[in-house]
Amino acid sequence: MKKNRLVVRGLRIMLGVFSLGGGVSGLFAGESQPNVLWIVTDDQRYDSIRAFNRIIDGREHSALGYVESPEVDKLAAQGTTFINTYCHSPGCAPSRAAMHFGRYPWHSGIYEFEYHNASAPHWQPPFPEKLAAMGYQTFHVGKRGVRLKEIQADGQSSRMRPIYQQSAGFKELHLEGLTAWGKGWFSKINGQTLEEPFQSLEYFYTPEDGFTYLSERYEETFPAEKGKMAAAMERYDILRHYNEKKGKHIDSGMILAGVSARPAGETRDGFYVKVLADYLRNEGQPFREGKLTYQGVDPDKPLFCHLGFDFPHTPVLPPQSFRERFQQKTYQIPSIVGDELETMPKQMRKMVTHGFTDHFSAEEKQKMVQDYFAFCAYGDSLVGQAVDEFVKFSEGKGQEWMVVYVCGDHGWKLNEHGSVSKFTPWRLDTLNPIIVVSSDKKAFPAGKVVRDFTEFVDIAPTVLAAGGADLASEEFAYLDGRDLARVAAGELPPRDYVVGESHAVTGPRAFIRTAEYLFTLQSRRGKNMDWARTAAYEELDPGLYHLPSDPQEVKNLAFSPEHQEVARKMKEKLIAIVLGDGRVEVDWGGPKALGTGIFRSNFAPGANDGKLKL
């Protein structure tokens with residue numbers, strides 16, 4: 001079968017496969033294109049993985065307490081761990097965009113949750129489209145988080161642009177009742193048209209009870225349903241985020257703890273693994289998930305699968321079997337340290353205040369942490385199932401394979417700095433190690449740990465290079481990242497720093513991190529891209545943290561006299577990179593994504609050279 005597939009690929013190359021970016025994409029470096037499984041989890045802290053705790057902190061568990069991750073630990077033993085990988089934007093959509101496009105936010109123009117389009121002149125396709133042009137079949141299941149549209153011929157409308165040839169997304173699956181929890185945009189329920197749509201209406205689903213909607217307004221509209229929500233909230237032991245002044249509300253606030261309405265394997269993440277398994281088992285045949293129909297894998301084409309898990313993103317609802325075990329554990333709950341709130345940069349304090357949890361009771365905090373790590377443990381078991389299915393399929397066909405596992409699109413706070421959620425540049429929010437396991441042990445040796453700085457933009461070139469792309473060619477010159485196989489081999493000079501920028505929730509904020517320091521500042525004010533170059537230092541709302549002496553990153557040294565030279569160098573480097581090295585901002589035109597106006601800044605070309613001596 002492997003020989004037959006190579007013949008098919010050879011014919012495809014001879015015929016000439018044209019890429020979406022123009023030109024021929026038959027740029028193959030080797031004779032074999034491996035099957036690739038790319039796994040990304042959601043809001044997952046690095047310290048939920050024992051293998052990472054051993055490498056980073058020299059301990060088995062989190063500083064908070066017990067964690068378990070036998071399946072990811074197994075991946076670390078079988079492959080190469082890039083332990084110092086950082087995301088660029090600690091928010092779901094911009095982080096996933098950086099991975100999909102292989103470009104920094106300031107080169108793609110995607111800084112938060114915008115609907116962006118493929119019609120802008122600086123546009124380059126997401127790497128799954130490049131892989132399809134190279135002969136791969138591409139399949140996605142679960143969360144994608146990339147809001148890609150394209151403008152239609154009339155110039156007045158847009159439509160969603162598919163990134164994968166087939167996609168089994170969360171929204172379509174949960175509306176079929178294939179998940180234990182869901183949310184959607186409803187204008188009609190039970191055949192009755194509502195006066196106005198219920199935006200993001202949450203519900204639980206079980207085969208026995210059907211849909212239980214979590215909305216007081218829903219129960220006002222349907223009096224016969226009154227009391228069901230309160231009963232469900234009690235049955236599933238739901239803890240929502242709440243504001244100290246406004247108090248608790250039964251139908252609002254993030255669900256930070258509770259139990260799944262469905263058993264292990266039948267949650268939304270469990271169904272993602274089932275869909276992937278069905279896809280691999282139904283070779284060349286259609287298969288159904290509820291009322292939805294998909295086409296099974298073609299064994300004669302190289303395969304690229306993206307599995308986007310939702311765990312442990314809110315709602316944090318581990319299955320009962322996992323929850324019960326973790327409820328037996330007691331955790332050390334972080335608390336606010338000294339005057340950190342008073343000295344914290346204003347933008348970061350805004351985010352901390354938005355997700356503030358230090359006013360929760362001790363019991364609530366325990367539940368929040370227990371359920372989070374229980375959810376991570378459940379997700380770990382699903383990662384193992386998915387990898388086993390994928391490797392079994394590939395090896396059964398005599399085909400090369402590669403697994404790229406990403407621990408979270410960003411991290412999550414569990415009362416560190418007095419808050420939950422993400423969106424801040426501290427290490428807990430931005431450190432997201434990657435493991436690459438491959439049938440090619442020369443490229444990615446078993447048990448190897450790479451401590452060089454790596455970034456999310458490295459994922460696209462790594463997978464493309466494994467698939468045979470010539471990264472030195474003009475076609476791939478737009479990529480910002482590096483091939484991790486070359487990083488692992490020591491063929492590239494190590495980076496002195498990593499960089500990122502996000503505009504979501506906090507407002508425009510960028511960061512630069514070295515082995516010892518994190519420096520962060522407000523990157524823009526209004527629409528003036530030049531503002532940070534001339535603004536007074538105090539106006540930049542700076543933050544400077546020294547990791548060796550302050551591992552919790554709670555002491556802001558930005559105004560410390562003995563650290564002014566370090567702060568100056570990091571500030572100048574950061575501003576030059578994010579504002580002056582080919583910066584792009586786009587007027588995307590709102591949810592319709594009809595805007596293509598581009599604003600550029602390039603006063604420091606080549607500033608991002610990977611070098612910074614402090």
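Start with aspartate 541: at 9% relative accessibility, it counts as buried, because the cut-off for buried is under 20%. Keep in mind that this is a predicted model.

**Positive phi values**
- For background, most residues other than glycine have a negative phi.
- Aspartate 541 isn't a glycine, yet its phi is positive, at about 55°.
- You'll find aspartate 541 in the loop between α18 (531-534) and β26 (543-546).
- Asparagine 415 also has a positive phi, near 80°, and sits in the loop between β18 (413-414) and β19 (420-421).
- Is asparagine 415 buried or exposed? With 0% relative accessibility, asparagine 415 counts as buried.

**Cis peptide bonds**
- Again for background, most peptide bonds are trans.
- Going from phenylalanine 311 to proline 312, the bond is cis, with omega near -5°.
- Going from threonine 314 to proline 315, the bond is cis too, with omega near 5°.
- Proline 312 belongs to the loop between β16 (303-308) and α11 (320-326), and proline 315 lies in the loop between β16 and α11 as well.

**Helix α3**
- Which residues of helix α3 (residues 70-78) are buried? They're Val72, Asp73, Leu75 and Ala76.
- Pro70 and Ala77 are exposed, on the face of α3 turned away from its buried side.
- The buried residues of α3 pack against α2 (50-57), β2 (80-82), α14 (362-396), β17 (401-406) and β20 (434-438).

Definitions and conventions
Residues are numbered from 1 along each chain as its sequence is written. This is a predicted model: local features need pLDDT of at least 70, side-chain atom pairs count only at pLDDT 80 or more; totals for chains, interfaces and linings use all residues. Side-chain values use heavy atoms; hydrogens and water are left out. Buried means under 20% relative accessible area, exposed over 50%, partly exposed in between (1.4 Å probe, protein chains only). Helices (H or I, at least four residues) and strands (E, at least two) are DSSP runs, numbered from the N terminus. Contact means heavy atoms within 4.5 Å.
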